[in-house]
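Me: I would like a close look at one part of this model, taken slowly and with the geometry spelled out. Please keep to what can be read from the coordinates.

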Amino acid sequence: MSAVIESNRRISRRTFLKGGLAAAGAMTASSVAVTSVVRGASNKELATLIDIRKCIGCEACVEACREANEAKYPEPKKPFPKMYPSKVKVSDWSEKRNVSDRLTPYNWLYIQRANVPVKGEEQELNIPRRCMHCQNPPCADLCPWGAARKLNNGITRIDSEVCLGGSKCHDVCPWHIPQRQTGVGLYLSLLPSLAGNGVMYKCDRCYDRIENGELPACIEACPNEVQKIGPRRSILEEAHAIAKEIGGYLYGEKENGGTNTIYVSPVPFEDLAEAVETGPGKPHLKPVEDSMAHADTLAKAMVVAPFAGLAAAALKFYNRVGGNESGREDR
């Protein structure tokens, strides 16, 4: 019964916010001098500040993300090729596109919830979760095909024209963010039973919107201004100021050597890490060491990188010359 009440509560809250409050938030966001923040930011490392005190869990950001990125979502071909060896499992979310309580190839942002004591009172904190956009991303450094790469503005994205869906990026990501969809991508044109198993998908920080001087969709749609984007140094200064003011805590500044997603919380992230639900598609909030700091990992990256770049160029050329049979692609 309590689960039904909670579900109805969230639906009602979301419906309400879609009305006047969401509209007001959109107007506020659109009135911001967007161009001063993101236009011409191709060579500036941008970061986002996420103040989880402000998030009411309305999921307006989730829906905005879906609408803005729908053209990038996969359209798999079925039946899927039989994979060898058979231990390579199919990952198909094409019939579950409406799932919004975890990360999927069709849901790049979701709201993670935690019930924790805040100043002595039990409170629900809502945490928008997506790719952390690491400063030294292992997904990009260790992708054997060079499909994942970090842009000069700090965004890490996966090129769907090159990705073979081998899930190396998922395995080396400390939060296991990227998610695979079978039956789409270049592997279908190469060795469909042996090469990869689809394409990996994750938040690309609305890189195309940023290139046009627009805010990421999730930030623009938020009625409570939970997120803010800007140069990383400025974002960190503001995050520290907020944390000092509220006696709060940061996550993302040093995790995995530093990320471009900075969370501010009124409670320790150790408490949040214990309170949130984790599992496939539901990343943790535990401390993370710099995964690329170890000499052996760096050596592997140096060996992989040159071949990855050549492979990426060759695969993209093949894809374009031979005709794109991989379903939808990044635009």
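Which residues do ring pairs link into a cluster?

Reply: In this predicted model, ring pairs join Tyr73, Tyr106 and Trp108 into a cluster, and the structure as a whole holds three aromatic pairs. For tyrosine 73 and tyrosine 106, the ring centres lie 5.8 Å apart and the planes meet at 70°, and because planes over 60 degrees apart count as edge-to-face, that is how this pair is classed. Both partners sit in the loop between helix 3 and strand 2, yet they are 33 residues apart, so the pair links distant parts of the chain. Tyrosine 73 and tyrosine 106 are each buried.

Tyrosine 73 also forms an aromatic pair with tryptophan 108, again edge-to-face, with 5.3 Å from centre to centre and 75° between the planes. Here too the pair links distant parts of the chain, since tyrosine 73 and tryptophan 108, both in the loop between helix 3 and strand 2, are 35 residues apart. Tryptophan 108 is buried, as is tyrosine 73.

The buried residues are Ala60, Cys61, Val62, Ala64, Cys65, Arg66 and Asn69, and the buried residues of helix 3 pack against strand 2 (110-118) and helix 7 (217-221).

Note on methods
Residues are numbered from 1 along each chain as its sequence is written. This is a predicted model: local features need pLDDT of at least 70, side-chain atom pairs count only at pLDDT 80 or more; totals for chains, interfaces and linings use all residues. Side-chain values use heavy atoms; hydrogens and water are left out. Buried means under 20% relative accessible area, exposed over 50%, partly exposed in between (1.4 Å probe, protein chains only). Helices (H or I, at least four residues) and strands (E, at least two) are DSSP runs, numbered from the N terminus. Contact means heavy atoms within 4.5 Å. Rings of Phe, Tyr and Trp (its six-membered ring) pair if their centres lie within 6.5 Å; planes under 30 degrees apart count as stacked, over 60 as edge-to-face and the rest as tilted.
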